[in-house]
Amino acid sequence: MKHVIIGNGIAGVCAAEAIRKLDATADITLIGDETFPPYSRPMISHVLDGSQPHGKLPIRSEHFYDEQKITPLLGRRAGGIDVANRQVLLADDARIDFDRLLIASGADPRPLKAEGLDHKNIFYMRTQDHAKQLVAALDGARRAVVLGGGLVGFKAAYGLLKRGLAVTMLITSGYPLSMQVDETAGHMILDELIRHGLTVEVGVSVCAFEGNGSVQAAVTDAGTRLPCDMVIIGKGVLPCRTLIPRGQIEVDLGVIVDEHLQTSAPGIFAAGDVAEMVDIARVCPWVNALWPEAACQGRVAGLNMAGRPVAYPGSLSRNVMRVFDLDVLTVGNANPRKDSGCRVLQAGGAAQGYYRRLVLRDDVLVGAVMINRIEQGGVLRSLIENRMPIRLPPERLMTPGFNFGQLLL
Ligand SMILES: Cc1cc2nc3c(=O)[nH]c(=O)nc-3n(C[C@H](O)[C@H](O)[C@H](O)COP(=O)(O)OP(=O)(O)OC[C@H]3O[C@@H](n4cnc5c(N)ncnc54)[C@H](O)[C@@H]3O)c2cc1C
């Protein structure tokens, strides 16, 4: 059986390992346009904030491909898929035959449209190369501008503050991480960042950069000029789906997959940041561009490709972060629409030094946010994942020391 995987990230790697576990003789080819062995993208933020060295990025040894008997085609880009002839078309015109194909091409940073983007020291933060360039640019930099308050923008601002830079963050929503947390939690996080020196401008966009080769200022659409030595653009990501032949493989925001992570084309699978599937908490198709999701989806796709049918229950947003003195945990849909019919319970807040928010649809927990006292986050996540009905008054779950064993009685 000839397996081809497009994408050398965590989804592609976990798929290759799963195939190899089930089939010692399968032919596995891994195509990746980056030239390095697999590495951790989340770790890039720790390299930026100085808590980890660059050498900690790799997640597999340099002998990984030999050990797993994988043929790596690194530094090669897949340009298209010939579904009828079961071939991947590489950008250099080579064609690779497949019996089973996995699309694990991940996501690209959402591009910014602004004048002067070609000045030096304006970065996206996605790849190992970006990490190297960012750390090099810190030398002598005093002021930075971060565009976007999503996961990457937030981590960029946090890292630069920890490095001692004066950071201005431009966000369109009123607080960072607005996809992950509600307003109360968002403002607790924002206040913590401001307490450590962050300047925030809300509701403005950058329309141009000025400089003399290197960036010296970001100019906003409100006409403000923000002097800076470096800029990080963190305005979200978009699934890498340009290679997907439209009309032959169904695509929405991401590549649509069924419960076996198979696309609309038989024998072609998708996993990770590029894939769209039902979200357990939202109960609708969603792209959850997250590391543990990509790893699990890769593994499950690999098992299915190797012939063991395994259903994937759906994706789920989850994250644990430390923001200076705050521990933050988010799971599921913590910010349902007002007309969703969900019930929201909240306790604590900035004055109490902790916060807990639970979101229920009927008697099932669908979202949780915790700031400090996050020890029970794992149980909450498991309740959400397993859609376990809460047969007690849900207010009782709000007590930080609640004994979850009572739910099983
Ligand atoms: C700075 C940063 C911090 C993050 N922090 C967190 C976090 O705290 N928690 C969390 O859960 N997630 C976090 N993430 C997100 C997480 O890293 C991603 O969800 C995960 O890496 C996705 O894995 P993937 O394998 O789907 O895609 P990727 O890691 O993007 O890998 C896809 C690979 O495919 C390659 N590729 C794309 N197109 C082609 C093509 N046509 N031909 C050949 N190769 C191609 C890409 O270059 C890439 O190497 C963070 C991401 C970043 C950048």
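A residue counts as buried if 20 or more other C-beta atoms lie within 10 Å of its own, exposed if 12 or fewer, and partly exposed in between, with the C-beta atoms placed from the backbone. By that rule, helix H5 has these buried residues: Leu151, Val152, Gly153, Phe154, Lys155, Ala156, Ala157, Tyr158, Gly159, Leu160 and Leu161. Keep in mind that this is a predicted model, where local features need pLDDT of at least 70, side-chain atom pairs count only at pLDDT 80 or more, and totals for chains, interfaces and linings use all residues. Residues are numbered from 1 along each chain as its sequence is written.

**Domains**

- The chain splits into domain 1 (2–108 + 238–305), domain 2 (122–235) and domain 3 (336–408); the bounds come from an automatic or database domain assignment.
- Between the C-alpha centres of domain 1 and domain 2 there are 30 Å.
- Twelve residues from domain 1 and 14 residues from domain 2 make up the contact, where two residues are in contact if their C-beta atoms, placed from the backbone, lie within 7 Å.
- On the side of domain 1 that touches domain 2, you'll find six nonpolar, three polar and three charged residues. Here Ala, Val, Leu, Ile, Met, Phe, Trp, Tyr, Cys and Pro count as nonpolar, Asp, Glu, Lys and Arg as charged, and the others, Gly among them, as polar.

**Around the ligand**

- The ligand has 36 residues around it, and the closest are Gly7, Gly9, Arg41, Gly106 and Gly272. To be near a molecule or strand, a residue needs its C-beta atom, placed from the backbone, within 6 Å of it.
- Sorted by class, that shell holds 19 nonpolar, ten polar and seven charged residues.
- Why does the ligand lie between domain 1 and domain 2? Both domains give residues to the shell around the ligand, so it lies between them.
- At least two shell residues come from each of H1, strand E2 (27–32), helix H2 (42–49), H5 and helix H7 (291–305). Helices (H or I, at least four residues) and strands (E, at least two) are DSSP runs, numbered from the N terminus.

**Gly7 and helix H1**

- Gly7 sits in the loop between strand E1 (2–6) and helix H1 (10–22).
- Gly7 is buried because 28 other C-beta atoms lie within 10 Å.
- Although Gly7 and Gly32 are 25 residues apart along the chain, their C-alpha atoms are separated by 4.9 Å.
- Not counting residues up to four places away in sequence, Gly7 touches Gly12, Gly32, Ala104, Ser105, Gly106 and Gly272.
- Helix H1, with 13 residues, reaches 19 Å from its first C-alpha to its last, close to the 18 Å expected at 1.5 Å a residue. That expected span is 1.5 Å times one less than the number of residues.
- Ile10, Ala11, Gly12, Val13, Cys14, Ala15, Ala16, Ala18 and Ile19 are buried in H1, and their cover includes E1, E2, strand E3 (70–74), strand E7 (100–103) and H7.

**Helix H5 and the cores**

- Is H5 mostly covered or uncovered? H5 is mostly covered, with eleven of its twelve residues buried.
- The cover over those buried residues includes H2, strand E10 (143–147), strand E11 (166–171), helix H6 (183–195), strand E16 (230–233) and strand E22 (318–323).
- The largest nonpolar core has 70 residues, and Ala144, Val146, Ala157, Ile189, Val231 and Ile384 have the most contacts inside it. Such a core is a set of buried Ala, Val, Leu, Ile, Met, Phe, Trp, Tyr and Cys residues joined through C-beta atoms within 7 Å.
- Helix H5 (residues 151–162) gives this core its largest share, eight residues.
- Another core lies apart from it, with 51 residues, including Leu30, Tyr65, Val274 and Met277.
- Leaving aside neighbours within four places in sequence, Ala157 is in contact with Val146, Val167, Met169, Leu193 and Leu198.

**Two positive phi angles**

- Most residues other than glycine have a negative phi.
- Arg86 has a positive phi near 50 degrees and is found in the loop between strand E4 (78–82) and strand E5 (87–90).
- Arg86 is partly exposed, because 18 other C-beta atoms lie within 10 Å.
- Phe324 also has a positive phi, near 50 degrees, in the loop between E22 and strand E23 (326–332).
- Phe324 is exposed, because 12 other C-beta atoms lie within 10 Å.
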